[in-house]
Every structure is written in structure tokens, then in C-alpha cells.
Amino acid sequence: MEVITVGDGMCKGENDRIDLSKYFNLKNVSIGNECFFYQDVLNLTGLHSLERVMIGENSFTKDFFGNDANRKLYVKNCDALKELKIGRYSFSDYSLIEIENVNSLELIEMGDMDSLSYNFAYASLELKSEL
């Protein structure tokens, strides 16, 4: 599988974790608006072919003003990743975003420069590289 696309308003059921690391040929992840409210962890680790991640608005947010220590985003060891785009209000209650060893990354875009966005409102952001 090279592409995963999730339309707007999908996947609102309860599930603790989304681990895409098993899709080792994945090149593109596109998730629409208002998806995955109840997922505590999104793991994008070891996806050496992954080039682009696009997540729409108000996704991966259960409690807009929350700060849940169990909610985390991992983007690690994705050699080909060039773009990471996250829409407004997504991941608002996540406590950690860890981006590590994504040496081809050219663009990180979170929220909207002209509006309140609340992406990772209380989170710790870690950018790491072995270079």
C-alpha cells in the first residue's frame, strides 16, 4: 500500500492507537477534517518511503482545551518525508509531538498564521536529528 486517504468526518470510533509503521511502502497519508477524535497515539515511525503527510482541521482532538499525557504523535525515521501539514485545531489535546530523523523534511505547517489554531496547545515539541 502506497497511499492512505481518509475522507472528512471518518473514523470517529474509539481506538487507542493508530500505528502505520507496518505499511513500509507508504508514500502519502491524507486525513480529512474532523477524523480520529479518540486515538491517543498516531505512530509514523520507520516509514522510509513516506513523502507527505496531510491532516485536516479538527482531527485527533477529543478535548479542545485538554492536555492528555497519553496522547502523542510520533514522526520518526522517515527518510523521504518532505512535507508535514496539519490543519487548525488538530492534535489540540496531545501532550507530545516528536519529530526525529526526518532529514529530507522541507516543510512543517501547523494551523493557520491568520487565525487561532491550537495545534498541540500544551505539547512538548521535539525535533531531533543524528546529523
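Predicted model: local features only at pLDDT ≥ 70, side-chain atom pairs only at ≥ 80, totals over all residues.
**Exercise 1. Is arginine 52 buried, exposed or partly exposed, and what is its relative accessible area?**

*Solution.* Residues are numbered from 1 along each chain as its sequence is written, and side-chain values use heavy atoms, with hydrogens and water left out.

Step 1. Apply the cut-offs: a residue is buried under 20% relative accessible area, exposed over 50%, and partly exposed in between, with a 1.4 Å probe and protein chains only.

Step 2. Arginine 52 has a relative accessible area of 31%, so arginine 52 is partly exposed.

Step 3. Look next for a salt bridge, meaning a side-chain nitrogen of Lys or Arg within 4 Å of a carboxyl oxygen of Asp or Glu. Arginine 52 forms one with glutamate 83, where the closest N and O atoms are 3.5 Å apart. Because arginine 52 lies in strand 5 and glutamate 83 in strand 7, this pair ties together parts that are 31 residues apart in sequence.

Step 4. Glutamate 83 is itself partly exposed, at 25% relative accessibility, and its side chain also meets that of lysine 85 in a salt bridge (3.7 Å, N to O).

**Exercise 2. Describe the overall make-up of the chain.**

*Solution.* Step 1. Count the elements, which are DSSP runs numbered from the N terminus, with helices (H or I) of at least four residues and strands (E) of at least two. The chain has zero helices and 10 strands.

Step 1. Compare the radius of gyration, taken over C-alpha atoms, with the globule rule of 2.2 Å times the number of residues to the power 0.38. For 131 residues a compact globule would have a value near 14 Å, and the chain, with 14 Å, agrees. The C-alpha atoms fill a box of roughly 35 × 30 × 30 Å along the principal axes.

Step 2. Buried residues account for 41% of the 131 residues. Turning to contacts (heavy atoms within 4.5 Å), 77% of those between residues at least 6 apart in sequence join residues at least 24 apart.

**Exercise 3. Which residues touch the most other members of the largest nonpolar core?**

*Solution.* Step 1. A nonpolar core is a set of buried Ala, Val, Leu, Ile, Met, Phe, Trp, Tyr and Cys residues joined through side-chain atoms within 4.5 Å.

Step 1. In the largest such core, which has 28 residues, Phe60, Leu73 and Phe91 touch the most other members. Several strands supply at least two residues each, among them strand 1 (3–6), strand 4 (41–45) and strand 6 (68–76), while strand 8 gives the most, with three residues.

Step 2. Leaving aside neighbours within four places in sequence, leucine 73 is in contact with residues including Leu42, Ile86, Phe91 and Phe120.

**Exercise 4. With which side chain does the side chain of asparagine 43 make a polar contact?**

*Solution.* Step 1. Asparagine 43 is placed in strand 4 and, because its relative accessible area is 8%, is buried.

Step 1. A polar contact is a pair of N or O atoms within 3.5 Å; within protein, one must be able to donate a hydrogen and the other to accept it, and residues adjacent in sequence count only if both atoms are side-chain atoms. The partner here is the side chain of aspartate 19, at 3.1 Å.
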